[in-house]
Amino acid sequence: LACHTHSSSLCRPLPTPDTSTMRFTMKTLAIATSAVVNVALLAALLRASPATPALKSGLAAVSKGGSAVMSRGAAAMQLGSAKMQSSLSAAARHQPTRFAAMQKVGELAAMSGARTPAEFRNLAQDVVCQLGRENGNKVLQNACNVEWYGPDRPKWLPDAFLAGVPDYLTGEYPGDYGWDALGLSSDPDTFANYREAELLHARWAMLGALGCIFPEILSKNYGIGFEEPVWFKTGALVLNDKSIDYLGSDKFIHASSIIAIAAAQVVLMGGAEVYRASGQAPNGEPFDKLHPGGQFFNPLKLGKTEEELAELKVKEIKNGRLAMFSMLGFYIQAAATGEGPLQNLVDHRADAANENIFKYVFTSSEPVL
């Protein structure tokens, strides 16, 4: 459309990159290594369970290749200038009314200052985003966050290394980077269950990671006198007839009974989870089970607009995934070193050559795990 209404030079094919100028970098090596590891993982799983129906159906879904949108886009990119002009002329003959309207839109876009295909695309995204905000259409509102949602979102590998992403990974949900090598989420119901499980585990992991390292920071850097600041040793205090004093003072919470602690967790944590799983707030107002919001689940009123909320959802799942890996690291460190994560970091920074994983893998007489 931009080529017809403004300048036919826009339809010229893009120049082919000069491969002689490319350099082999560490980033390229990392990408190649990641691809090899994923292929090896896939081969190992296939060898271990070759007759699993769910695995076979998932692999069949993945093998379909790229989405229809990508196929049409690739075909359009191969059209030359003459073919593009011929196609536009044919469209004008067969759909004159619609084509005239589109031509008018192109003229208005050119008047607004758009000159390149990228500028026309950005203008179209802004228009669709604004329209979605006005009528509340969430599909149109995805254009407001095109950098994290939709077909142009970042992928787990650059597009040059991908043969396409599975059709069911459309970029509709936060944190979708097009990776599902085993097709585990090809079934919509399974996909929904995995999304809920991942998000809940991510939230617990973020709270847990903060709780594991915060007491050590207060103890080492601010002199707060905890009975035991290391996270995996703290719970043992109650079992040894001692109490857990929050922030090192018995004036806040003086926990001395394991039964009372368990009961408090069941009431406070279980109560909140019951309301979330039911999809209804205490006042009976329905909400989204994954992102409840409202006065009960979003008292700080974060994400005042749909655009802000969509971006916060992406940040939440990305930080949550990192937190889950962090908790796994905390578990392994605790079993291997008997120290807390902060002390492990201090020791490693003081003597990185000796205080690392190899010390416990190759020199320890006891099993690491």
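Select Phe232. This residue is partly exposed, with a relative accessible area of 30%. Keep in mind throughout that you are looking at a predicted model.

**Stop 1: the aromatic rings**

How many aromatic pairs does a search of the whole structure find? The search finds five. One of them joins Phe232 to Trp231, so show both side chains.

Tyr331 is partly exposed, at 48% relative accessibility. Display the three residues together: Trp231, Phe232 and Tyr331 form one aromatic cluster.

**Stop 2: the nonpolar core**

Stay with α14, then bring in α9. Which residues make up the largest nonpolar core? Select Ala205, Ala209, Cys212, Ala323, Met327 and Phe330, six residues in all. Helices α9 and α14 each supply at least two residues of this core. In soluble globular proteins, nonpolar side chains tend to be buried together.

Centre the view on Met327. Leaving aside residues up to four places away in sequence, Met327 touches Ala205, Gly208, Ala209 and Cys212.

**Stop 3: helix α15**

Move on to α15, residues 341-350. Select Pro341, Leu342, Gln343 and Asn344. These four are buried. What covers the buried residues of α15? The cover includes α9 (188-222), α10 (231-234) and α14 (306-337). Colour by confidence here: α15 has the highest confidence in the protein, at a mean of 94.

**Stop 4: Asp176**

Find the loop between α8 (138-141) and α9, and select Asp176 in it. Is Asp176 buried or exposed? At 10% relative accessibility, Asp176 counts as buried, because the cut-off is under 20%.

Show what surrounds this residue. Not counting residues up to four places away in sequence, Asp176 touches Arg153, Pro154, Leu169, Thr170 and Gly171. Look at Gly171 again: the side chain of Asp176 reaches its backbone nitrogen at 2.9 Å.

**Stop 5: a charge over a ring**

Select Tyr173 and Arg195. Arg195 lies over the face of Tyr173, at 3.8 Å from the ring centre.

**Last stop: confidence**

Zoom out and colour the whole protein by pLDDT. The mean is 75, and 70% of the residues reach 70 or more. Where is confidence lowest? Go to helix α1 (residues 2-5), at a mean of 43.

Next, select residues 48-52. The pLDDT here is below 50, and the stretch has three contacts in the model beyond near neighbours in sequence. Finish at residues 61-70. Here pLDDT stays under 50 as well, while the model has 19 contacts for this stretch beyond four places in sequence.

Technical notes:
Residues are numbered from 1 along each chain as its sequence is written. This is a predicted model: local features need pLDDT of at least 70, side-chain atom pairs count only at pLDDT 80 or more; totals for chains, interfaces and linings use all residues. Side-chain values use heavy atoms; hydrogens and water are left out. Buried means under 20% relative accessible area, exposed over 50%, partly exposed in between (1.4 Å probe, protein chains only). Contact means heavy atoms within 4.5 Å. Rings of Phe, Tyr and Trp (its six-membered ring) pair if their centres lie within 6.5 Å; planes under 30 degrees apart count as stacked, over 60 as edge-to-face and the rest as tilted. A charge sits over a ring if NZ of Lys or CZ of Arg is within 6 Å of the ring centre and within 35 degrees of the ring normal. pLDDT is the predictor's confidence in each residue, from 0 to 100. A polar contact is a pair of N or O atoms within 3.5 Å; within protein, one must be able to donate a hydrogen and the other to accept it, and residues adjacent in sequence count only if both atoms are side-chain atoms. A nonpolar core is a set of buried Ala, Val, Leu, Ile, Met, Phe, Trp, Tyr and Cys residues joined through side-chain atoms within 4.5 Å.
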